[in-house]
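Thanks for asking me to look this over. Here are my notes, written for reading beside the model.

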Amino acid sequence: MNNSKFLKNRQKVHFIGIGGVGMSGLSIHLKNKGFEVSGSDISPKNALFVQKQGIKVYKKHKKNNLKNADIVVYTSAINKENPEFREAKKRGLTLIKRSQLLGQILDEFSLSIAISGSHGKTTTTDMLSWVLIEVGLDPTVFLGGEDKSFGTYRFGRGNIAVAEACEYERNFLDLKPKMCVVLNVDNDHLDTYKNMGEVIKAFKLFIDGSVSIINADDKNSKDLISQTSITFGIKNKANFTAKNIRKNPNGYSFSAYHGTLKLGRINLMIDGKHNVYNALSVIAVCQTLKIPFAVQKKAIESFSGVKRRNEPLGEIKGKKVYADYAHHPREISAMLQTFDKSRKPFITIFQPHTYSRTELLMKEFLECFSCCSPLIIYKTYPAREKYNKNGSAKTLYKNLKAKQKGVFYAGNKGELNKRLKKLYNEYENVLFLGAGDIYDVAKSVIKN
C-alpha cells in the first residue's frame, strides 16, 4: 500500500481495542491529522484517555460499530473471531495491524527513531523524548507505557518521531526507522520465536538499512554490530562509555565518554544500574544528532521515570508500596537487586504474564525468585492466551514452594489481602511485580 495515498485518501479509521497502550496514541495522532476516528474497547478505564480527546468509543465489539469505516486497525491481541474483525474481512475493508500503521506514520517524518530491545524500551524512549523536548525539537512520541506528564502519546510539531519497537510477532519489522537503538536481545516471546537464533535474526532484519546504536556489553546484541554501528557500554570497548559509576541515594551517577573525550557527569534520578545503559544509549543518539551535552544532561537528570517502573504507589498501614512492570526473569532479577539494596525488608507479590512465558522460562523464574521471601504468587494475567496448567501461576507457585520457604499463592484480591495482613507487621515495604492488572490490584489493596 502506498503510504501517502493511505494517509491522504482514507478518511474513516476504526480501531479494535482503541484503549490499548499502543493503539490509543495512534488513534489520537490520526485525529490530530484530520482523520475521522472511532474505536471499541471493553475496558472503560482504558478508553477514557481516548474519549477525552473527542473520539467516539463503543463499549462492546459489534459489527455495526464499523459503519462507514474505510480502514480497520487491529493488534496481535485481537482474536480473529472478533465480530468487528470478521465484519471488516467480510466487507473487504482495509485491515491493517497496529505496527503497520505505526510504520506508515513514522515514514511521514524526516527523522524517525525506534527504540528496541527485550528490556528497557519504555524508559529509554521516554528519556530520549525528554531531551528532544528540552532542546526544542518538539518530537511526536509513541510510548509503550505512560509518561507522567503526556501519557502514552505526545503530538509534536517538529519533523522527528520517537517510538518503541516491539519484537513480539516480529511487529518491529513493519517499521523502517532512520535510526534505531538496540538495548539488549533476550529470550522473550518464545511463543513467537523457536530459539535465540531466530530472535537475533529478527533484530538483524530490523536494524538493516538504518543508523544502528547497539549495546556492546549485551552478549546477544554483539552479533548485530557492524563497522557502521554506533556502540555504547560499560565493560567492553564502545563508542560511548560510562566510567566512575557510583550509587547515589536516588540512583546512579557516572561520567559519560565519547571515545576518550569526557562529556561530563550524569546524576540519574531513577534507580537501577540498568538505567546507566539506558542513559548511555540516549546520549549516543543525542551526540549523533549533535545535541549539546549540557541540554542532554539537564533533561536526563530531571527525568523521574515512567509509571509502573519502581513507582511509589502509597502506603498500607504505614508500609510503603511500590509497583514495577518487570515480568521477565532478567527484569525481575534487576528489580529485586535494586530494591534489595535500598528497601529491606520487603514482601514481593508477582503476577505471571501469559502462560507461555511462564512455562518456557520456568527454570529462569525459579532462579530469579530463589532468594525472595516472603513471595506471593498472584493468579496469571493471560493476555491473549488460553489456560495452560503447565504455565499457570499455581504451577509456578508449587515449583517454588518445593525449593524454598516463604512462598504463598493468592487466586484473587480477597486471598491476597488475607495473606498480606498476616505478613504486614514483619516487613517495611511491599513490592508488586508484573505487566498485567496487578497494578490495579495494588491500588485497590491500598485503597481498601
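The points below cover helix packing, cysteines, and some loop residues.

1. Some ground rules to begin with. This is a predicted model, in which local features need pLDDT of at least 70, side-chain atom pairs count only at pLDDT 80 or more, and totals for chains, interfaces and linings use all residues. Residues are numbered from 1 along each chain as its sequence is written, and side-chain values use heavy atoms, with hydrogens and water left out.

2. Let's start with helices α6 and α8. Two packed helices are described by the angle between their axes and the distance between the axes. Helix α6 covers residues 121-134 and helix α8 covers residues 274-288; their axes come within 9 Å and cross at roughly 45°. (Helices are DSSP runs of H or I with at least four residues, strands are runs of E with at least two, and both are numbered from the N terminus; axes are lines fitted to C-alpha atoms, for helices over the stretch in contact, and angles run from 0 to 180 degrees between N-to-C directions.) That makes α6 oblique to α8, given that angles under 35 degrees count as roughly parallel, over 145 as roughly antiparallel, 65 to 115 as roughly perpendicular and the rest as oblique. The crossing of α6 and α8 is right-handed, the near helix being turned clockwise from the far one by less than a right angle.

3. Which residues of α6 and α8 make the contact? From α6 come Thr123, Thr124, Met127, Leu128 and Val131, and from α8 come Asn275, Asn278, Ala279, Ser281, Val282, Val285 and Cys286; contact here means heavy atoms within 4.5 Å. By class, this contact of α6 with α8 has 7 nonpolar, 5 polar and no charged residues. (Ala, Val, Leu, Ile, Met, Phe, Trp, Tyr, Cys and Pro count as nonpolar, Asp, Glu, Lys and Arg as charged, and the others, Gly among them, as polar.)

4. Now for α14 (residues 413-423) and α15 (residues 438-447). They pack at an angle of about 55°, with their axes 11 Å apart, and are therefore oblique to each other. The crossing of α14 and α15 is right-handed. Lys413, Leu416, Asn417 and Leu420 of α14 meet Val441, Ser444 and Val445 of α15, giving a contact with 4 nonpolar, 2 polar and 1 charged residues.

5. If you are wondering about cysteines, the disulfide count is 0, a disulfide being a pair of cysteine sulfur atoms within 2.5 Å. For Cys368, the nearest cysteine sulfur is that of Cys372, 8.3 Å away. Cys368 is buried, with a relative accessible area of 12%. (Buried means under 20% relative accessible area, exposed over 50%, and partly exposed in between, using a 1.4 Å probe and protein chains only.) For Cys371, the nearest cysteine sulfur is again that of Cys372, 8.7 Å away, and Cys371 counts as exposed at 79%.

6. Some backbone details deserve a look. Most residues other than glycine have a negative phi, and most peptide bonds are trans. Lys67, in the loop between β3 (56-58) and β4 (71-74), has a positive phi of about 40° and is exposed at 53% relative accessible area. Asp138, in the loop between α6 and β7 (140-147), has a positive phi near 50° and is partly exposed at 24%. A cis peptide bond joins Ser373 and Pro374, with omega about 0°; Pro374 sits in the loop between α12 (362-368) and β19 (375-378).

7. Finally, please check Gly209, in the loop between α7 (196-207) and β11 (211-215). Gly209 is exposed, with a relative accessible area of 81%. Gly209 and Pro177 are 32 residues apart in sequence and 8.7 Å apart in space, C-alpha to C-alpha.
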